[in-house]
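Trainee: Could you walk me through this one? I have not looked at it before.

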Amino acid sequence: MNARDTAAPHPVVADLYGQMHLPVICSPMFIVSNPALVLAQCASGVMGAFPALNARPQSLLADWLAEVEAGLAAHRQAHPQARVAPYAVNQIIHQSNDRLEQDLAECARHRVPYIITSLRAPGDVVAGIHAWGGKVFHDVTTIRHAEKALEAGVDGLILVAAGAGGHAGTLSPFALLAEVRRFYDGPIVLSGAIANGAGVLAALAMGADFAYMGTRFIASREANASEGYKQALVQASANDILYTPFFTGIPGNYLKASIVNAGLDPANLPAPDASNFGTTRAKPWKDIWGAGQGVGSITGVQPAAEIVAQLRGEFDAAQARLAGRTFA
């Protein structure tokens, strides 16, 4: 039986729905996500997010948070009837992140409403985030990761399923979501090649509360990505994505074109081991471009607001198509 046995949304979900134009959380992308993109996303009614590590040096994080907050406040004042979504900051809580304590302290000073945690069970940071009123959504790729995150007291789960950009899991979103819903009735954000409005609706139909979208927004005017990266997304199809642990030691999805540009053969990468990392001049994320299998839905580079408007149109059209399909 599904753990959520009522159609009524969870209180956290209901609160977010009241601030959103579309149930989409935009994933925080290393290098790519910045204040301009987050502001455009939130002002359009979807949650924007950036990794704290994108603000370099560390002292820049305070400026980024102030910029986002001031921009959202100004937009709310100018458009009092608009739905303006809250923003999130991603924190890598792996022990290799020597900025974590400083970055969390800065987020506490700004009372960041949502923190997305990644790469380790977040047990030792959740209480501190809750202390300032923030909520924690945690990235997971397996059932065990989900269980450990819930034991830590997180407020929601982000299921990073097969087909998602970057460090994706291997389980189908259908399988992962169905199994998590057996024991968890709280907020769930689903990723896995979701790149259009019909995919957003499908995520809700499957039992998720939000779709998690990243790749679609790399091809936006505001994204901090090279024009070559953006055009490669426009030209790519699902077959142009390679899933490999070669570049970071953790399996991820990357554009084959960027691997070729780096002088490597996507079909003949060496077997990954610790000695491989750093042996190529190509840097993951900067030179080797992350992307999900939903790239075939990208047909051009647009302002983020136009992307959200297009997603909403596709979402509504998908709902209308289903409205006429009933079964006795």
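Mentor: With 328 residues, a compact globule would have a radius of gyration near 20 Å, and the protein chain, at 19 Å, agrees with that; the radius is taken over C-alpha atoms, and the globule rule is 2.2 Å times the number of residues to the power 0.38. This is a predicted model, in which local features need pLDDT of at least 70 and side-chain atom pairs count only at pLDDT 80 or more, while totals for chains, interfaces and linings use all residues. Residues are numbered from 1 along each chain as its sequence is written, and side-chain values use heavy atoms, with hydrogens and water left out.

Trainee: What share of the residues of the protein chain counts as buried?

Mentor: Of the 328 residues, 51% count as buried, meaning under 20% relative accessible area with a 1.4 Å probe, protein chains only.

Trainee: Switching topic, how many aromatic pairs are there in the whole structure?

Mentor: A search finds seven, where rings of Phe, Tyr and Trp (its six-membered ring) pair if their centres lie within 6.5 Å, and planes under 30 degrees apart count as stacked, over 60 as edge-to-face and the rest as tilted. One of them is the stacked pair of Tyr229 and Trp289, at 4.9 Å centre to centre with 10 degrees between the planes.

Trainee: Are Tyr229 and Trp289 buried or exposed?

Mentor: Both Tyr229 and Trp289 are buried.

Trainee: And what about Tyr254 and Trp285?

Mentor: Their ring centres are 5.4 Å apart and their planes stand at 40 degrees, so that pair is tilted. Ring pairs also link Tyr254 and Trp285 with Phe246 and Phe247 into a cluster.

Key:
Buried means under 20% relative accessible area, exposed over 50%, partly exposed in between (1.4 Å probe, protein chains only).
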